[in-house]
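Visitor: Could you take me on a close look at the side chains of this protein and how they meet one another? I would like to hear about the rings, the charges and the core in one connected account.

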Amino acid sequence: MKPRKNKKRVPSFRKLLKTSKVKLDNKLKNKQFKQQSIAKKYRKEQRKLRQAVKDVTSRTSVPLEENKKKHAAEREEEEEALPLDMMDEDDLKLMEDLAQKASFVTRDLSSSEPVHAKKRKQESVIDRYEKMPRRMQTEPEKELIHLLPIKDKSGIIPQTMEKPVISVAQNEEEEDTEEMEVVEESSEEPQPVLTTDELLIQRRRKLQEKKIHIAALAAAILSDPENSIKKLKELRAMLMEQDPNVAVIVRKLVMVSLMEIFKDITPSYKIRPLTEAEKHTKVRKETQKLREFEEGLVSQYKFYLENLEQTVKDWKQRKLKKSNVISLKAYKGLAEIAVKCLCELLVVLPHFNFHNNIIVLIVPLMNDTSKLISEMCCEAVKKLFKQDKLGSVSLGVVKVISGLVKSRNYDVRPEVLKIFLHLRIKEVEVKKDTEDITAKKKFMSSKERRKNLSRMQRKWKKAEEKLERELLEAEASESKEKKLKLHTETLNIVFLTYFRILKKIQKSPLLPAVLEGLAKFAHLINVEFFDDLLVVLHSLIASGDLSYRESLHCVLTAFHILSGQGDVLNIDPSKFYSHLYRTLFRLHAGATNDDMVIVLQCLDVMLTKRRKQVSQQRALAFIKRLSTLALHVLPNSSVGILATNRILMQTFPKTDLLLDNEAQGSGLYLPELDEPECCNAQNTALWELHALRRHYHPTVQKFADHLIAGAPAEGSEALRPDLSRRSGTELFETYNMKGMTFNPPVASVTPRKKDKFLQGDSFLNEDLKELIQTHLSEAAVHRPLDFAKHFKESSLS
């Protein structure tokens with residue numbers, strides 16, 4: 001017969017490959033469990049054997065009759081539990097005889113059941129275990145080592161030996177003593193004390209290693225951003241550097257490095273979170289890779305911003321963590337770098353995620369007590385306003401600023417409100433009574449196409465309309481309507497903040513910033529508010545609580561309102577003219593100030609742009625007072641005032657009567673009168689111009705000569721184009737002498753030094769050379785003159 005083939009085949013290699021890892025793990029666990037159960041069973045048998053030997057050696061009395069059946073059952077179990085190599089017949093008989101002599105009193109209750117417990121056939125092992133009495137082990141268990149027994153005439157004598165058992169507490173004490181000995185031995189070893197130079201060298205070496213590591217990580221991230229999210233995470237983890245020697249510098253370097261990395265690798269669009277449907281949709285590998293990169297980038301960017309925020313918050317709250325290695329003094333430098341990074345990200349990444357969160361962090365810091373942090377935040381917001389062409393980002397910033405001002409009960413720095421002056425708002429939506437005249441372009445319907453066009457024409461027309469639609473969709477610039485809507489909403493919030501301050505706290509230090517902002521955006525205010533706003537401005541001026549600069553802002557704001565949409569209103573602004581005329585002599589004569597710029601702006605708006613509403617008497621009074629003022633102020637202010645007088649004399653040609661020596665009409669000129677209409681300015685002359693011809697500044701001399709000649713546009717007395725084409729404000733800024741003082745005594749400058757100085761200054765322009773030459777030669781600013789004699793001589797000549 002042929003041998004029977006084994007139907008069970010060896011599994012193939014392919015089938016082995018299909019076996020899952022879970023099955024292999026289960027097989028391994030089953031094998032280990034089987035080994036443990038075998039070892040447990042062996043230990044149980046050994047324990048029963050030791051107990052039986054112990055009962056034999058105790059040689060106790062005979063048990064009670066009622067327990068014979070139970071002891072017989074126990075003996076059977078013990079006999080079954082004994083190993084086979086010790087089951088001789090003589091041994092069994094001897095052990096039975098000894099067991100019958102045991103008494104109930106000397107039995108070990110911990111190793112057997114109670115006497116009254118009856119064995120149940122259907123009782124499970126768990127129930128028997130639960131019913132066994134237990135007691136806490138107070139003494140360490142003594143383990144016996146069984147030796148070979150001895151047999152003599154009396155019988156078999158077992159030989160045992162106790163094995164010393166060491167408790168866990170003793171083990172721990174011994175280990176502790178060993179560790180203490182090791183520590184003592186190590187502490188006894190003298191540690192080398194490093195000198196200051198060695199510590200500096202060690203710190204420099206560590207710092208260099210950290211720098212190289214940061215540079216390597218940054219280069220790897222920039223070379224392949226999509227596969228370097230883990231390296232980006234590693235670099236971000238260095239923000240929590242714990243080495244006290246280099247922690248501050250390393251954290252600063254990591255902050256700046258991460259800022260530059262995010263500026264380079266962030267996309268030019270906002271990353272939105274995926275929906276549940278998109279997460280479960282199958283996509284290509286490239287798309288999935290891009291999604292993972294975007295998700296990791298947004299996550300790391302968020303953690304980075306949170307670290308910067310926490311750094312600033314810890315510094316503001318003066319809190320230090322127990323595990324921190326940076327001192328409180330060093331936290332200020334860290335906070336400044338964190339704010340700088342936030343400001344840079346605010347300006348560079350206005351389109352990316354969490355931009356609104358950065359705005360919420362930066363805006364309160366504009367009101368910070370630290371001047372450096374406040375200036376950094378203000379400059380960042382100014383740059384943001386400057387580059388925001390659409391207006392959506394500016395709207396978000398304005399909302400946060402308005403909320404901050406209101407929450408602080410208008411107790412903020414004026415610089416916070418001056419930020420509004422940098423908004424790029426030139427036009428807003430104006431409410432109209434009728435619909436727009438120019439309707440939106442509509443494409444032709446199918447009926448209109450069929451009406452008068454041929455088949456070929458309809459085909460071409462359809463293709464042309466399709467092309468126009470595509471061009472409109474592909475247009476990158478935002479629509480004008482959306483831009484106007486955003487600008488209107490932004491300006492409404494700005495005006496709401498301004499009006500609240502004017503209404504509630506008129507004595508606030510924010511008032512100059514409010515008036516300056518109203519002056520800039522007054523032409524965009526709704527006409528409905530003009531009456532109330534002018535009443536408020538006049539009441540502020542009449543109260544006398546304002547400074548000179550604030551009152552000038554009130555005047556400028558009022559005339560900005562009246563020069564725009566306010567032309568249609570029937571409002572008499574004579575009170576504002578009188579106030580400016582009365583306060584012109586309050587300008588500081590011996591120091592440079594910025595109030596002159598506002599005065600020149602007011603004169604331009606009040607007199608030049610409203611030429612039709614200004615009387616000749618008012619124009620004459622202002623020209624005369626401005627000429628008198630030019631004698632007292634510094635040269636740059638004199639140039640600006642004379643340039644304004646030139647424009648007024650050209651705008652009002654009949655004012656040339658001030659150049660004549662004869663009186664016009666009755667009455668005397670009253671220079672101390674504060675009403676320009678009643679001071680009889682037509683009965684005076686501009687004798688100040690003859691004094692200004694001897695001014696030490698050459699440009700002032702040129703303007704004086706030009707005005708004495710009647711401000712001609714052509715001829716020998718006409719000004720150069722660089723002077724004639726510029727306004728008074730521009731000339732004031734050009735000749736501003738802030739920080740420049742040149743007033744040497746004449747006696748200290750010898751002719752030789754004077755010639756050497758004038759010949760060697762190649763960097764000076766001609767006007768400044770002429771100024772220095774005149775100053776050194778005459779050394780007089782305003783000499784007292786006999787004006788009557790001077791006018792007589794000038795009139796004769």
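Guide: Let's begin with what counts as a pair of rings: rings of Phe, Tyr and Trp (its six-membered ring) pair if their centres lie within 6.5 Å, and planes over 60 degrees apart count as edge-to-face. Please keep in mind that this is a predicted model. By this rule there are 10 aromatic pairs. One of them joins Phe420 and Tyr498, an edge-to-face pair with 6.1 Å from centre to centre and 65 degrees between the planes. Phe420 belongs to the loop between helix 16 (414-418) and helix 17 (446-452), while Tyr498 belongs to helix 19 (residues 480-504), so this pair ties together parts that are 78 residues apart in sequence. Phe420 and Tyr498 are both buried.

Another pair is made by Phe559 and Phe576: with centres 6.1 Å apart and planes at 80 degrees, the pair is edge-to-face. Here Phe559 comes from helix 22 and Phe576 from helix 23 (residues 574-583), so the parts tied together are 17 residues apart in sequence. Phe559 and Phe576 are buried too. Rings also gather in a group, as Phe262, Tyr301, Tyr304, Phe352 and Phe354 form one aromatic cluster.

As a general background, nonpolar side chains tend to be buried together in soluble globular proteins.

Now for the charges. The structure holds 17 salt bridges. In one of them, the side chains of Lys316 and Asp368 meet at 2.2 Å, N to O. Lys316 lies in helix 11 (residues 285-317) and Asp368 in the loop between helix 13 (355-365) and helix 14 (371-387), so the bridge ties together parts that are 52 residues apart in sequence. Asp368 is buried at 4% relative accessibility, whereas Lys316 is partly exposed at 40%.

Asp595 and Arg549 form a salt bridge as well, with their closest N and O atoms 3.0 Å apart. Since Asp595 sits in helix 24 (residues 595-608) and Arg549 in helix 22 (residues 548-563), this bridge ties together parts that are 46 residues apart in sequence. Asp595 counts as buried at 17% relative accessibility, and Arg549 as partly exposed at 31%. Salt bridges that share partners also make a network of Glu260, Lys263 and Glu344.

Lys263 is partly exposed, with a relative accessible area of 22%, and Glu260 is partly exposed at 34%.

Finally, charges and rings come together. The charged end of Arg618 sits over the ring of Tyr577, 4.2 Å from its centre. Arg625 lies over the face of Tyr581, at 4.0 Å from the ring centre.

Conventions. Residues numbered from 1 in each chain as written. Predicted model: local features only at pLDDT ≥ 70, side-chain atom pairs only at ≥ 80, totals over all residues. Heavy atoms only, no water. Salt bridge = Lys/Arg side-chain N within 4 Å of Asp/Glu carboxyl O. Buried < 20%, exposed > 50% of the residue type's maximum accessible area, 1.4 Å probe, protein only. Helix = DSSP H or I, 4+ residues; strand = E, 2+ residues; numbered from the N terminus. Phe/Tyr/Trp six-rings, centres within 6.5 Å; stacked < 30°, edge-to-face > 60°. Lys NZ or Arg CZ within 6 Å of the ring centre and 35° of its normal.
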